[in-house]
Amino acid sequence: MKPFTEKVITIIQNIPAGKVMTYGQIASLAGSPRGARQVVRILHSLSEKHDLPWHRVLNVKGEIGFKDFAQSNEQRLNLECEGVTFIGPYAIDLEKHKYNPLSHF
């Protein structure tokens, strides 16, 4: 596994319940500020294998990125169960819920 992938997995595993991070934020912390799309691919292919809390990762606008209704609703329900509040059908207040780890991975 590539170091970037390992870092992304570690970062996502450490997002606490009730908090979210953006794809770009994770990519930057993992050492590739322009690697947001790679984070998407890692989540898509490795979430189940590594039991990642995929629902805690949103786009830069604080929105759920899924176009599929069932997946979007599943993500929203998972976040709401953790206390995340929504300001629109699929958008949250990033100022309130964004996780900012103090240490870099």
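Biologist: Is Ile26 buried or exposed?

Modeller: Buried. This is a predicted model, and in it Ile26 has 0% relative accessibility. The cut-off for buried is under 20%.

Biologist: Which helix is Ile26 in?

Modeller: Ile26 sits in helix 2, which covers residues 23-29.

Biologist: And what does Ile26 touch, leaving out residues up to four places away in sequence?

Modeller: Val8, Ile11, Ile12, Ile15, Met21, Val39 and Val57.

Biologist: How far apart are the C-alpha atoms of Ile26 and Val57?

Modeller: They are separated by 8.7 Å. Along the chain, these two residues are 31 apart.

Biologist: Let's zoom out. How many helices and strands are there in the chain?

Modeller: Five helices and two strands. Their order from the N terminus is α-β-α-α-β-α-α. The radius of gyration is 13 Å, close to the 13 Å from the globule rule for 105 residues, so the chain is as compact as a globular protein of that length.

Biologist: What box do the C-alpha atoms fill?

Modeller: Roughly 35 × 30 × 20 Å, along the principal axes.

Biologist: What share of the residues is buried?

Modeller: Buried residues are 40% of the 105 in the chain. As for the accessible surface, the chain has about 6,400 Å². Carbon and sulfur atoms account for 52% of that surface.

Biologist: What about contacts between residues at least 6 apart in sequence: how many join residues at least 24 apart?

Modeller: 58% of them do.

Biologist: New topic, helix 4. How many residues does helix 4 have?

Modeller: It has 13, residues 69-81. From first C-alpha to last, helix 4 reaches 18 Å, close to the 18 Å expected at 1.5 Å a residue.

Biologist: Which residues of helix 4 are buried?

Modeller: Ser72, Gln75 and Leu79. Looking down the axis of helix 4, the buried residues fall within an arc of 65°, so they line one face.

Biologist: Why would residues three or four places apart point the same way?

Modeller: Because an α-helix has 3.6 residues a turn.

Biologist: What do the buried residues of helix 4 pack against?

Modeller: Strand 2, residues 57-58.

Biologist: And which residues are exposed on the other side of helix 4?

Modeller: Phe69, Ala70, Leu77 and Cys81.

Biologist: What caps the N-terminal end of helix 4?

Modeller: Asp68 does. One of its side-chain oxygens lies 3.3 Å from the backbone nitrogen of Ala70.

Biologist: What about just after helix 4, which phi does Gly83 take?

Modeller: Gly83 has a positive phi there, about 95°.

Key: Residues numbered from 1 in each chain as written. Predicted model: local features only at pLDDT ≥ 70, side-chain atom pairs only at ≥ 80, totals over all residues. Heavy atoms only, no water. Helix = DSSP H or I, 4+ residues; strand = E, 2+ residues; numbered from the N terminus. Expected span 1.5 Å × (residues − 1). Buried < 20%, exposed > 50% of the residue type's maximum accessible area, 1.4 Å probe, protein only. Arc of directions from axis to C-beta. Contact = heavy atoms within 4.5 Å. Polar contact = N/O pair within 3.5 Å; in protein donor to acceptor, adjacent residues only side chain to side chain. Rg over C-alpha atoms; globule rule 2.2 N^0.38 Å. Areas by Shrake-Rupley, 256 points an atom, 1.4 Å probe, with all protein chains shown as cover.
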